[in-house]
Amino acid sequence: MTDITRIFDFPYYQLKTYNLEKAFTSKYHGKWQSISTQEYINQANAISRGLLRLGIQPNDKIAVISTTNRTEWNILDIGVLQTGAQNVPIYPTISKEDYEYILNHSEATYCFVSDAGILEKLNPIKANTKLKGIYTFDDIDNEKNWKEILELGKDSSNQNEVEARKNAVASNDLATLIYTSGTTGKPKGVMLSHNNLVSNVLDSEKRVPFDYGQSKSLSFLPVCHVFERMILYLYQFCGVEIYFAESIEKMSDNLKEVKPNVMTAVPRLYEKVYDKIVAKGSELSGIKKALFFWAVNLGLKYEPYGANGWWYEKQLSLARKLIFSKWKEGLGGQLDLMVSGSAALQPRLTRVFAAAEMPIMEGYGLTETSPVISVNDQRNGGFRIGTVGRIIDNIDVKIAEDGEILVKGPNVMQGYYKEPEKTAEVMTGDYFHTGDIGEIDSDGFLKITDRKKEMFKTSGGKYVAPALLENQFKQSRFIEQIMVIGEGEKMPAALIQVNYEFIEEWAKRHDIKFNSNQDIASNQILRDRIQEEIDEANKKFGHWEQIKKFEITPNAWTIEDGHLTPTMKMKRKVIKEIYKDLIEKIYRS
């Protein structure tokens with residue numbers, strides 16, 4: 001293990017230890033195509049040689065924008081890093097103005113893109129940047145293709161120069177700039193070193209029960225997100241075969257084709273999977289339907305380690321046999337572990353999937369911490385529902401007087417690129433201020449209670465923690481997104497985006513016809529039904545923090561329309577601005 005100090009050491013370690021026949025597998029024209037560990041390294045070296053012939057210097061920045069995760073991304077990543085240059089991944093879904101900002105701020109000299117859709121956004125602004133060339137992964141007429149770099153690197157006569165560049169890269173050298181999507185203001189470039197990511201992989205590895213050299217994974221969370229990127233390095237280190245899902249829409253087909261043992265996702269996806277399963281159960285009738293919901297209700301009471309006693313475990317084993325085994329089958333049949341990060345996971349999902357023998361291990365981290373700080377692990381009593389697990393090795397976490405989580409360790413970023421004053425704002429000595437409020441229980445489990453910046457006071461001077469409320473209300477199948485508001489107002493209220501799929505099914509059952517989203521937003525029967533859900537959830541909160549009024553927004557909250565960040569977090573400021581009339585209606589009518 002000690003010989004892994006830079007990111008590009010992972011493939012060589014994999015070659016020596018596992019030498020996989022199928023290191024990476026992507027689907028092209030309807031067929032899965034794999035490359036071995038050896039081919040991965042050969043192509044990465046060809047990329048490095050080609051880039052040297054293009055004149056790439058140490059510390060040059062090379063941007064990558066890909067709509068889907070794919071084999072090429074990973075080959076390019078290693079090829080770039082071996083030259084001492086840095087990889088700057090960019091979210092495909094952001095605006096062309098943000099593309100322009102990031103390309104200019106990072107001073108990227110080349111850009112690799114996946115497809116024609118990205119080019120459409122990139123071409124109009126490329127003249128305003130320092131880009132010398134754009135290469136595509138897909139074959140596109142009249143565009144330079146990344147295979148030209150592979151071709152340029154075919155001649156291995158300058159491999160000794162690649163080796164010299166590799167040897168010159170130190171563990172603490174900058175490896176990547178990851179621009180945080182940010183819920184406010186311009187994206188910030190988080191500087192992560194080789195050691196930041198390598199240490200996080202090695203320290204997280206102890207928490208994942210893989211069958212080393214045998215396990216299969218399905219990857220689809222954007223690799224420009226540090227969580228998935230670190231996980232891909234972790235898979236490489238553990239000899240896990242990596243398959244790339246085609247898209248979220250094709251996820252369920254891909255799960256059945258690949259039959260993975262592990263996958264990672266954000267809570268939103270697990271919510272969607274669960275909602276789909278329950279919707280299917282609702283279509284059953286008679287004894288089948290009764291059994292299905294008996295199993296679901298049993299699953300929602302799940303506690304780890306047999307804490308509910310023998311009678312519960314007996315019923316659970318029957319539920320697993322009759323119902324939950326079919327859930328597992330629907331997700332490929334081999335899924336033993338799912339990992340969740342990026343936002344709070346609803347405890348009901350943790351419970352029900354663990355009951356179905358596909359446990360979701362929730363973890364916690366930020367781009368600035370490379371990212372993992374803590375994660376649950378079923379082994380050795382390390383799994384506790386409602387927490388983000390125990391702190392991983394070599395990381396020191398302390399809770400500040402105001403409840404903020406502070407982190408120190410080899411995973412903490414080098415700072416924000418070109419923004420020393422913003423870096424200073426989040427550091428106290430070696431401790432990084434996460435902006436999250438939390439607590440550590442007596443058994444060492446970390447619990448996140450809110451975002452420091454999102455807490456607000458009502459006009460009565462009472463503090464309200466919106467994330468806590470939102471997570472509770474989102475357990476309703478009627479609610480897809482909810483934002484609690486009320487800063488400086490006499491009471492908390494909420495803006496709600498309904499779950500359109502579920503509402504459609506519910507309306508059919510109740511003989512209600514909606515002609516538009518506006519119809520949905522103003523329908524009194526639906527509003528009364530949602531009020532019941534809110535009244536029920538309100539019981540869990542103090543009188544001052546209960547939701548007294550709500551409005552349904554007339555459209556879906558999307559990344560494209562600016563409501564959500566690329567990682568599906570709410571942009572609160574933007575949502576407030578878009579729906580200021582509805583907020584006015586809540587508080588002034």
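Tyr-135 is buried in this predicted model, at 5% relative accessibility, where buried means under 20% relative accessible area, exposed over 50% and partly exposed in between (1.4 Å probe, protein chains only). Phe-112 is likewise buried, with a relative accessible area of 0%. Residues are numbered from 1 along each chain as its sequence is written, and side-chain values use heavy atoms, with hydrogens and water left out. Because the model is predicted, local features need pLDDT of at least 70 and side-chain atom pairs count only at pLDDT 80 or more, while totals for chains, interfaces and linings use all residues.

**Aromatic rings**

A pair of aromatic rings is described by the distance of the centres and the angle of the planes. Rings of Phe, Tyr and Trp (its six-membered ring) pair if their centres lie within 6.5 Å; planes under 30 degrees apart count as stacked, over 60 as edge-to-face and the rest as tilted. By this rule the count comes to 22 aromatic pairs. Phe-112 and Tyr-135 are a stacked pair, because their ring centres are 5.4 Å apart and their planes stand at 20 degrees. This pair links distant parts of the chain, 23 residues apart: Phe-112 belongs to strand S5 (residues 110-113) and Tyr-135 to strand S6 (residues 133-136). Helices (H or I, at least four residues) and strands (E, at least two) are DSSP runs, numbered from the N terminus.

Trp-310 and Trp-311 form an edge-to-face pair, with 5.9 Å from centre to centre and 65 degrees between the planes. Both Trp-310 and Trp-311 are exposed. Ring pairs also link Tyr-270, Tyr-274, Phe-292, Phe-293, Phe-324, Trp-327 and Phe-353 into a cluster.

Two lysines lie over ring faces, as tabulated below. A charge sits over a ring if NZ of Lys or CZ of Arg is within 6 Å of the ring centre and within 35 degrees of the ring normal.

| Lysine | Ring | Distance from the ring centre |
|---|---|---|
| Lys-186 | Tyr-101 | 5.2 Å |
| Lys-462 | Trp-544 | 5.1 Å |

**The nine-stranded sheet**

Strands of a sheet pair through backbone hydrogen bonds, either parallel or antiparallel. Here two strands pair if DSSP finds at least two bridges between them. An open sheet of nine strands has the order S2-S1-S10-S9-S11-S12-S13-S14-S15, and its pairing is mixed. Strand S2 (31-35) and strand S15 (390-391) are the edge strands, each pairing on one side only.

Helix H2 (residues 37-54) lies across S1 and S2 and runs at about 75 degrees to S2; axes are lines fitted to C-alpha atoms, for helices over the stretch in contact, and angles run from 0 to 180 degrees between N-to-C directions.

Further along the order, strand S11 (residues 262-265) and S12 are parallel and joined over four bridges, with Ser-340 of S12 as the bridge partner of Ala-265. Three bridges join S12 to strand S13 (residues 360-365), also in parallel, and Met-338 stands opposite Ile-360 in S13. From S12 the chain crosses through helix H14 (residues 347-355) to S13, a right-handed β-α-β crossover. A crossover is right-handed if, with the strands pointing away from the viewer, the path from the first strand over the helix to the second runs clockwise.

In a regular strand the side chains alternate between the two faces of the sheet. In strand S12 (residues 337-340), Leu-337 and Val-339 point one way, Met-338 and Ser-340 point the other way, and all are buried.

**Helix H14**

H14 is largely enclosed by the rest of the structure, because eight of its nine residues are buried. These buried residues include Arg-348, Arg-351 and Phe-353. The buried residues of H14 pack against helix H11 (267-282), helix H12 (286-299), helix H13 (310-330), S12 and S13, contact meaning heavy atoms within 4.5 Å. Just after H14, Glu-357 takes a positive phi of about 65 degrees.

Ile-75 has its place in helix H3 (residues 71-81) and is buried, with a relative accessible area of 1%. Apart from residues up to four places away in sequence, Ile-75 touches Ile-35, Tyr-40, Gln-43, Ala-44, Ile-47 and Trp-146.

His-194 lies in helix H8 (residues 194-204) and is buried, with a relative accessible area of 1%. Leaving aside neighbours within four places in sequence, its contacts include Arg-6, Phe-8, Leu-81 and Asp-173.
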